[in-house]
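Okay, thanks for making time, everyone. I'd like to walk you through a structure, so let me put it up on the screen.

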Amino acid sequence: MFSSIEDVIERFAKNNYIASRRIATVIYLASEMRKPILVEGPAGVGKTDLAKVLAASLGFDMIRLQCYEGLDEGKALYEWEYAKQLLYTQILKDKISEVLVGAKGLTEAVDRIAAQDEVFFSERFVLPRPLLKAISSEQPSVLLIDEIDKADAEFEAFLLELLSDFQVTVPELGTLKAKHIPLVVLTSNNAREMSDALKRRCLHLYIDFPDRTQELAIVKLKVPEAAQKLAEEVVTVVQSLRKLDLKKTPGISETLDWVKALTLLNVQSLDQELVSETLDTIVKYEGDVRKAQEELKDYVRRVRARRGTEAGSDKDLLN
Amino acid sequence: MQDKLVEFANLLRENGVRVSLAETLDAFSASQITGLAERDAFRAALRSTMVKRSTELPVFEELFDIYFSGLGEIIKQASEAVQNALSMSDQEFQKFLDEVEKMLKKQGKDLSELAKQLLQNNSGEMERKIREASRAVKLQGIERTIEENYFARALARALGLDKIEAEIKELREQLEKMDIGSELKAKMEEYLERRLKALDDIIRRYVRMEREKRDIKQKEDQRLNQIGEKSFYYLTEEELKKMNEAVTRLAQRLKNVITVRRKRAKKGRFDIKRTLRQNLEYGGVPFKLRFEKRKKEKPQVVILCDVSDSVRNASRFMLQFVYSLQDLYSRVRSFIFVADIGEVTECFRNNDSKEALDVALKGDIINVYAHSNFGYAFRNFVSDHIGSVNKRTTVIVLGDARNNYNLPHDWCLREIRQRAKKVIWLNPESRNTWGFGDSEMDRYGPHCDLVEECRNLNQLYRVIDRLVAG
């Protein structure tokens, strides 16, 4: 576990994640208080990454549950492997007949089979899904429940029980209690408001888009091979794009993609043509592309004007 | 600390943030982990435990600043003001304070505690004292500006301000007799006077701040309410902007309610085919049952929006609503009309709201400067676009039904209604005026399933509620 807030920042940095003090504090609190974290924020600000890095920096396993509409207990918690059970009964047909040898009447036969119940309803035939895996894991783990807002309200209610007690009851096996209480990270894109009950159990963390310096630091960390000038220009452009009213605002991941793409193309500094050619790495909708292009034209013009005046002043000096 | 957190939680609640008891407890244990020394960590601890909605974050930030730095900040500012008035640097001031302390010792007179702290610039203790006193006079109950004076006086009394005044006066008299340099004496004198004033100042500002704490949300609420009741015809630019936000939220709400209803009835009849297929892997033993998925009935909406001059303001706003709806649903077709009728579905789909509205109202699609002619518009709709209406379609007409004495052609509306699931007419005019002058509302009304007056945001809210419920 972490020893202090600084420790969190340091270890996250080692794993290539720049955690602001605010984020680090919440992480530290969660690990101390053993409470789940509910992370909210726009798409592409590193919510899912946060969980991954948390696991990596603690050396824990990460177990991930991706939510979607219609996700149910069977997919999230555990399922009986019917096919395997069936297969075993087929193979063991002879053995089963042996058990039944000499049974008088149906009642006795059923009783004998019933005595063998636990063979078929043992952990051997349980197919553990992420939640059960997290609970029964021998190692301490980080459980990431991704995009919880996509799941139904019923699933959320079911999750409540799990998050408060960290135990699961499988009727045939009894109650399984977590050996290590996992660190839970829930992420949400705010497609739907979470219930108050769930929110009450969690620490809330809202991650917004980073400011310019932060984003620049992130770019340098993740794409160290990018030219300094290029990184600066890209970050400036993306920051200004975020101010526009776009359908999908570019996140940090888009910034990184763009820098990577431009670096691959061996670009040192942005120009009009390149920008319009590679724009689709950051802006994903037709309408957005048009708007972004307008903005970028302005940007390039401004930069050129600035360069022009600089050159002009040089000449003045020469004269 | 506990008291302070509980009070802060109360304050958050008063300002509309829902904080439960369990969350307050969490906040307490979290703040013990982070400690109080480091402000940012403490702030993050409270934020993550007490505020669970991102929309409530700004309220929290504001209140945190007021509450946890408020008094300390005021005291600090007051002492800085004194320092500036004496025009001393930090070092000089510190030296000066030492002098003051020496003088106080020489006096050998017992001052009251607060006076001592005040003169020695001991802000932490002063803060504690003032907080204590404010609890004694129940300052937390302050609500109105008018009460500020009363509470300021009460607080001063509780702190024993008159006693301190007397003490400082005495000090000044003694200072006269003392044998120290005249320059220092003058400085000392000024210091005493300014300090006394500073205390008074602190009290007043503290009282005002306490009142403001309780005010933030109230003001916001009031303003939104006022907008809600104001007729569309009289909105200012600023209000229009606010209104747009409200409308977008409204449309979102409409969508949320509809989605919830759709989900509730998700499972349909038993599906034999899929059950058999799914269970083939178990040798045909039906372990897993499959049900038909109900077809999601996507709401189909056709909107006819009057954009003539007589309803200019209202229609702008209505179009905004139409735009938000279209953004949320895939099957909305939007038409605008004055006398001609034209479809704006595509135009809304491809532009952002402001552009779309501008295009719609500029007159490229239809002539918006003509005289309204509902009859003509309806007849054209029936002949050209009746295909867009089927038995699952809800038709919404937004308009004032002022037909300029043209032929009303109300049979067209009847025909639309026969094909549609529902016809709803929202009229931005007051109900009293319907049917007077050139208003044809009485003629059109009988052909609608629902006719509503929709002059302001609150009425629109009510209509939406009824739509969703019905």
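This is a predicted model: local features need pLDDT of at least 70, side-chain atom pairs count only at pLDDT 80 or more; totals for chains, interfaces and linings use all residues.

If you take the contacts in chain A with a separation of 6 or more, 77% of them are between residues 24 or more positions apart.

Let's look at the sheet in this chain. It's an open sheet of 5 strands, and the order is β2-β5-β8-β1-β9 of chain A, with parallel pairing. Which strands are at the edges? Those are β2, residues 61–66, and β9 of chain A, and each of them pairs on one side only.

Now go to β1(A), which covers residues 37–40. On one side, 4 bridges join β1(A) to β9(A), and the two run parallel. In that pair, I37(A) stands opposite L203(A). β1(A) also pairs with β8(A), residues 183–188, again in the parallel sense and over 4 bridges. There, V39(A) sits opposite T187(A).

A quick word on β9(A) itself. L203(A) and L205(A) point one way from the strand, H204(A) and Y206(A) point the other way, and all of them are buried.

Okay, what about the core? As background, nonpolar side chains in soluble globular proteins tend to be buried together. Here the largest nonpolar core has 92 residues, and the ones with the most contacts inside it are I37(A) and V185(A). α2(A) gives the largest share of this core, 7 residues. So what does I37(A) touch, leaving out residues up to four places away in sequence? You have V26(A), A30(A), V185(A), L186(A), C202(A), L203(A) and L205(A). There's also a second, separate core of 56 residues, and that one includes F317(B), L319(B), F321(B) and Y444(B).

Next, where the chains meet. On the chain A side there are 22 residues in contact with 25 residues of chain B. Which elements of chain A give two or more residues to that side? They are α2 (21–33), α5 (82–91), α11 (196–201) and β9 (203–206). Of these, α2(A) brings the largest share, 7 residues. If you sort the chain A side by class, you find 10 nonpolar, 3 polar and 9 charged residues.

On to chain B. This chain has 20 helices and 8 strands, and 33% of its 470 residues are buried. Among its contacts between residues at least 6 apart in sequence, 71% join residues at least 24 apart.

Chain B has an open sheet too, with 6 strands in the order β5-β4-β3-β6-β7-β8 and mixed pairing. β5 (341–343) and β8 (450–453) of chain B are at the edges with a single partner strand each, so one side of each has no neighbour in the sheet. The twist averages 20° from one strand to the next. At the β8(B) end, β7(B), residues 422–427, pairs with β8(B) in the parallel sense over 4 bridges. The bridge partner of W425(B) there is V451(B) in β8(B).

Let's finish with two helices in chain B. Take α16(B), residues 353–362: which of its residues are buried? They are A356(B), L357(B) and A360(B). Looking down the axis of α16(B), those buried residues fall within an arc of 95°, so they line one face of the helix. The face turned away from them carries the exposed residues K354(B), D358(B) and K362(B). Just after α16(B) comes G363(B), which takes a positive phi of about 105°.

The other helix is α4(B), residues 57–85, and K76(B) is in it. K76(B) counts as partly exposed because it has 14 C-beta neighbours inside 10 Å. In sequence, K76(B) and G124(B) are 48 residues apart, while in space they are 9.8 Å apart, C-alpha to C-alpha.

That's what I wanted to show; happy to take questions.

Notes
Residues are numbered from 1 along each chain as its sequence is written. Chains are lettered from A and ligands numbered from 1 in the order in which they are written. Two residues are in contact if their C-beta atoms, placed from the backbone, lie within 7 Å. Ala, Val, Leu, Ile, Met, Phe, Trp, Tyr, Cys and Pro count as nonpolar, Asp, Glu, Lys and Arg as charged, and the others, Gly among them, as polar. A residue is buried if 20 or more other C-beta atoms lie within 10 Å of its own, exposed if 12 or fewer, and partly exposed in between; C-beta atoms are placed from the backbone. The arc is that of the directions from the helix axis to the C-beta atoms. Two strands pair if DSSP finds at least two bridges between them. A nonpolar core is a set of buried Ala, Val, Leu, Ile, Met, Phe, Trp, Tyr and Cys residues joined through C-beta atoms within 7 Å. Axes are lines fitted to C-alpha atoms, for helices over the stretch in contact, and angles run from 0 to 180 degrees between N-to-C directions.
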